[in-house]
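Please keep the sequence and the structure in view while reading.

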Amino acid sequence: MSEKNQEMENIVSLAKRRGFIYNGSDVYGGLSGTWDYGPLGVALKRNIMDLWWKTFVEDREDMYGVDAAILMNQKVWQASGHVDTFVDPLCEDTVNHRRFRTDHILKDNGVNPDGMSMEQMDVTIAEHGIKSPDGNPLSKSRTFNMMFETLIGPAEEKPTVSFMEHGSIKIEMGANTYIADGTGEIRAGARGINPATSYLRPETAQGIFTNFKNVVDSFYPDLPFGIAQQGKAFRNEISPRDFVFRSREFEQMEIEYFVHPDKWQESFDSLLADIKSFLGSLGLPADKIHELEVPEEDRAHYSKRTIDIEYDFPIGKEELLGLAYRTDFDLMNIQNNSGKSMEYTIKGTNDRFVPHVIEPSFGVERALMAVMSAAYTEDEVNGEKRIVMKFPEHLAPVKYCVSPLLKNKPELVEKAREVYQMLKKKHGNVMWDDNGNIGKRYRRQDEIGTPYCVVIDFDTLEDGTVTIRDRDTTEQKRVNIIDIEK
Ligand code: GAP
């Protein structure tokens, strides 16, 4: 195993062992592409999301938050282009029928698929004689739509079968009709989308666009302004992999920033600067953050310019988030499909137009994975190896751990509980730990990244001082209880 894969393995193992992240549905053998957050994972994820919300919404005058429904009218996804174009190239092992993302197969075989059409990928596979990971020939690729479909209301998809003249059979299912005419082929008759069909949203962005007019009508903000949303997104990824990096259910933190069409560039640049400063506050080292100007052929169907922010994860340099200039693509589509005007009038003028949009789109799991990998450290204390998560203090899931030196001394326990309650009232994320000896407690707290361990001993009862130990330096100081936070 390479050093990098080993580092990833170590982080995954720590995440499970210490209660950050477990496999989804683990008890039943798991469900690929899903993850459950344990007590520390929830706390870390919340801290990242709250910091984002504070930075991009609460601390600014030009941002408005929304929380739209995950299930949306199917017209949203038709108008946005997702029904037709939100696809990945899929190929199949011709022997065991396992399916793979064609671009991933190429990447895993040392070929860069960026900018290739699906046909070019197939040609490259043939030219290089690339086989499936199981060593079998691969089929030609086809597109696979990544949206999860669901039916709203009691609209079961039961086929009705009827016999037609000449022995043909007609099968009707929802809005689709299929004709089996005895040739062995099934022809699609009238195809359509079942009116009861909806999708689990593949991005939070559309819940923002569909509320653009509502926010303008309620607040009439000056341009430029942004609408922000955090929440779950779902994609039926062909090959979820690399821990939480590519999941089927994940969270996004997105902003649609509405601008005058002539002024998109300045907002693009200033949002890029804001993003970089936010990544600094996540504790990510600047030299591991890279900007990729995405070439036209690799941009999403709606984008005129995209910069991907990549990060040196243990799995390699990969996309952490994106910043895209979506033009008026989405609002225009909504206007054309809903018949409702998406125009904005500059106050006190006749200047009326459909705003253009800059979109910073963060994935929470990728931010969390970057934070965990930046924090993961192995060092030595007094000749003994230790693992320590050096989270920035404001992100650490537990800020203080409080312990009595000995758990069988009621007077120490009582005093320690007092200190614990005092800190907990103020911070919430304070842990009580009286298991094992002090050394073991320190190791455990290092692994979950607790910046400070506070120990109550017999001197505390005499003079009101406690020992406070710093996670990073392992230095211990004696301070008065009232000075713990200084
Ligand atoms: N609204 C634009 C949009 O959704 P995207 O590049 O498809 O753009 C934005 O996704 C971000 O969402 C990515 O940069 C990544 O951080 C995150 N993301 C996308 N797919 C993901 C997946 N399968 N698992 C985890 N995060 C994902």
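This is a predicted model: local features need pLDDT of at least 70, side-chain atom pairs count only at pLDDT 80 or more; totals for chains, interfaces and linings use all residues.

Which residues are exposed on the other side of α12? They are P410, E414 and K425.

**Helix α12**

- Helix α12 runs over residues 410-427, 18 residues in total. From its first C-alpha to its last it reaches 25 Å, close to the 26 Å expected at 1.5 Å a residue.
- L412, A416, V419, Y420 and L423 are the buried residues of α12. Because these residues cover an arc of only 105° around the axis, they lie on the same side of α12.
- An α-helix has 3.6 residues a turn, so residues three or four places apart point the same way.

**Ligand surroundings**

- There are 21 residues around the ligand, and those that come nearest are E203, R235, S247, E254 and E319.
- The side chain of R235 has an N or O atom 2.8 Å from an oxygen atom of the ligand.
- Two further pairs involve the protein backbone: a polar backbone atom of F245 is 3.2 Å from a nitrogen atom of the ligand, and a polar backbone atom of G363 is 3.1 Å from an oxygen atom of the ligand.
- On its own the ligand has 550 Å² of accessible area, and the protein covers 90% of this.
- Strands β14 (249-259), β17 (316-327) and β20 (356-363) each supply at least two residues of the shell around the ligand. With five residues, β17 gives the most to that shell.

**E310 in strand β16**

- Strand β16 spans residues 305-313 and contains E310.
- Is E310 buried or exposed? E310 counts as buried, because its relative accessibility is 13% and the cut-off for buried is under 20%.
- Neighbours within four places in sequence aside, the contacts of E310 include K288, I289, H290 and L292. K317, E318, E319 and L320 are also in contact with E310.
- Of these contacts of E310, E319 is also one of the residues that come nearest to the ligand.

**Y442 in helix α13**

- Y442 belongs to helix α13, which covers residues 438-448.
- Its relative accessibility is 8%, so Y442 counts as buried.
- Which residues does Y442 contact, leaving aside its neighbours within four places in sequence? They are C453, V455, R469 and Q476.
- R469 is 27 residues from Y442 in sequence, and their C-alpha atoms are 8.7 Å apart in space.

**The chain as a whole**

- The chain has 27 strands and 14 helices.
- Taken along the principal axes, its C-alpha atoms fill a box of roughly 100 × 65 × 45 Å.
- Of the 486 residues in the chain, 48% are buried.
- Among contacts in the chain with a separation of 6 or more, 63% are between residues 24 or more positions apart.
- The chain exposes about 24000 Å², of which carbon and sulfur atoms supply 48%.

Definitions and conventions
Residues are numbered from 1 along each chain as its sequence is written. Side-chain values use heavy atoms; hydrogens and water are left out. Helices (H or I, at least four residues) and strands (E, at least two) are DSSP runs, numbered from the N terminus. The expected span of a helix is 1.5 Å times one less than its number of residues. Buried means under 20% relative accessible area, exposed over 50%, partly exposed in between (1.4 Å probe, protein chains only). The arc is that of the directions from the helix axis to the C-beta atoms. A residue is near a molecule or strand if one of its heavy atoms lies within 4 Å of it. A polar contact is a pair of N or O atoms within 3.5 Å; within protein, one must be able to donate a hydrogen and the other to accept it, and residues adjacent in sequence count only if both atoms are side-chain atoms. Accessible areas come from the Shrake-Rupley method with a 1.4 Å probe; for residues, only the protein chains shown count as cover. Contact means heavy atoms within 4.5 Å.
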